[in-house]
Amino acid sequence: MNEQNWWRGAAIYQIYPRSFQDSNGDGIGDLAGITARMPYLAQLGIDAIWISPFFKSPMLDFGYDVSDYRQVDPIFGDLGDFDRMIAAAHQHGLKVLIDQVISHTSDQHAWFKESRGSRDNPKQDWYVWVDPQADGSPPNNWQSIFGGSAWQWDTRRCQYYLHNFLSSQPDLNFHHPEVQDAVLDATRFWLERGVDGFRLDTVNFYFHDQALRSNPPQPAGQYAVGVPRNNPYALQVHVYDKTRPENLAFLQRFRALTDAYPGIATIGEIGDDNQYRTLAAYTAGNDKLHMAYTFNLLAEQCSPRFIHGVLDEFQRETAGAWACWSLGNHDVPRVVSRWQELGDSPLLPAVLLAMLGSLRGSICLYQGEELALAEAVIPYEQIQDPYGKTMWPDFAGRDGCRTPMPWQADGLHAGFSSGAPWLPIPAAHLPCAADRAEADPQSTLHRYRHFLRWRKQQPALIHGEMELLAPSDQVVAMIRRDEAQTVLCLFNLSNAAAIYALPAGMSFQALGGHGFHSEIDGGQVTLPPYQAFFGTPG
Ligand code: BGC
């Protein structure tokens, strides 16, 4: 793999900095904490880290509301801490991706403060300002993902402004060339500081319909993806408030900027009803995004047939787009709880990693998955996530996957911080702490390290094509192929032994070294519960 294409097939570890490692005792993780844990990260066998936002922010959406794109928020440290962190990552051979949240800013950003000041200031149309209708109501039916109208009344301008998330996250007006220039300048700032790429938050939300047409309702019985059904956002087809055609030209501008620096990778977060069509469009032509982050395996469903269906549709509908797959992130319940239908065996996380790592595309691992952490239950009084506060009790928000990392089972606050952590660390996470996992050769942590290292040596798994084989009730099956190698990959996601019959005429022999055990006998593979099989032709 050359330096330019390092991201193809990369294993990227997502760090939620508030909860990774605190270094100064304020109960909130920080950049110096990440630096201190760099040997742990390098030892995992990953290629890169993606750090969720650490920029200056009032933290109403925990950093996804940026008030200064060029500053580190003091709770996370300063630019010197960033420079030391990235230097340490590079010394350990790890790339660093940062999270660019440019669709919206915080209402505390200087741009918004100026924009809301009057109707005739130089930034007056940097955000989406609209007069009320004659009866005072908002211009159209657009909804915020966090619940309720996407329009917030502002008494200074006596106009509404658009926000797709919190009302304190006003939407930038990308139709304005100066806005595009300003966010590209902010991006250049971090390129100059040595980052290796970007995760682009809500990349399909940059533009809105300038005619402000109302979205049509969903057909009866259908719901928009990615939000709970009791959220009115789910009741619309989002044709006018996002995924507008103008975005393609902006993504080309973004790519032209990143192409001026060697080896930069971009991953776009695309939340859309027509996800496949959008991610094919956003990654086509090698002049826009490098990778599209897919939500499809972040679903509640988890059977082998469901997973096969997702992969099959992806292959058919995206014309070869390069995906970035993940089973968890800071917005969804942790995978071992979300997919508890698959059983609660300690063997499950490793086979899920092996399956993920065998898909065509790159992969994102979310911090704590390597410790097999389950979703935490946060009592109402301790909920921090604004989304959870609005939608509780039907939806408790995203805190359950954001609790601090348990580093030491018997340490003060599990070794995360010397001060009280910003979210409680569940007692159930203590036996999973990194020090316990380190001491147990059978732990998920060791199996992750082992598998990720083995995977790096299998060119077909890193960048080969993927041919899906028929699934069974228990097994997900595929063949990965490049010029040098062909690998049959089978995963038993069930708690019972599975027998998988290979298609007629296929003959394979077991490939070892990955840490799983299954047996092949002629055209038949026997997989014990939660085991994988890898084979080469022969
Ligand atoms: C991030 C969320 C955030 C939202 C608004 C996303 O999709 O992953 O955590 O709340 O964008 O920025």
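**View 1. Salt bridges between the two domains.** Two salt bridges are found by the rule across the interface of domain 1 and domain 2 in this predicted model. A salt bridge also joins the side chains of Arg360 and Glu465, with an N to O distance of 3.7 Å. Polar contacts across the interface of domain 1 and domain 2 amount to ten residue pairs, counted with both residues at pLDDT 80 or more.

**View 2. Division of the chain into domains.** An automatic or database assignment divides the protein chain into domain 1, made up of 3–105, 181–376 and 430–455, and domain 2, which spans 465–537. A distance of 29 Å separates the C-alpha centres of domain 1 and domain 2. To the contact between them, domain 1 contributes 24 residues and domain 2 contributes 28 residues.

**View 3. Area buried between domain 1 and domain 2.** About 2300 Å² is buried between domain 1 and domain 2. Carbon and sulfur atoms give 66% of this buried area. Of the area that domain 1 buries against domain 2, 25% is supplied by Pro304, Val351 and Trp454, which is more than any other three residues supply.

**View 4. Residues surrounding the ligand.** The ligand is surrounded by 13 residues. The closest of these residues are Asp61, Asp201, Glu269, His330 and Asp331. By residue class, the shell around the ligand consists of seven charged, three polar and three nonpolar residues.

**View 5. Polar side-chain atoms at the ligand.** Asp201, Asp331 and Arg398 are shown with the ligand. For Asp331, an N or O atom of the side chain is 2.5 Å from an oxygen atom of the ligand. For Asp201, a polar side-chain atom lies 2.9 Å from a ligand oxygen atom. For Arg398, the distance between an N or O atom of the side chain and an oxygen atom of the ligand is 2.9 Å. On its own, the ligand has 310 Å² of accessible area, and the protein covers 96% of that area.

Conventions: Residues numbered from 1 in each chain as written. Predicted model: local features only at pLDDT ≥ 70, side-chain atom pairs only at ≥ 80, totals over all residues. Heavy atoms only, no water. Near = heavy atom within 4 Å. Polar contact = N/O pair within 3.5 Å; in protein donor to acceptor, adjacent residues only side chain to side chain. Areas by Shrake-Rupley, 256 points an atom, 1.4 Å probe, with all protein chains shown as cover. Nonpolar A, V, L, I, M, F, W, Y, C, P; charged D, E, K, R; others polar. Contact = heavy atoms within 4.5 Å. Buried area = accessible area lost by both parts, 1.4 Å probe. Salt bridge = Lys/Arg side-chain N within 4 Å of Asp/Glu carboxyl O.
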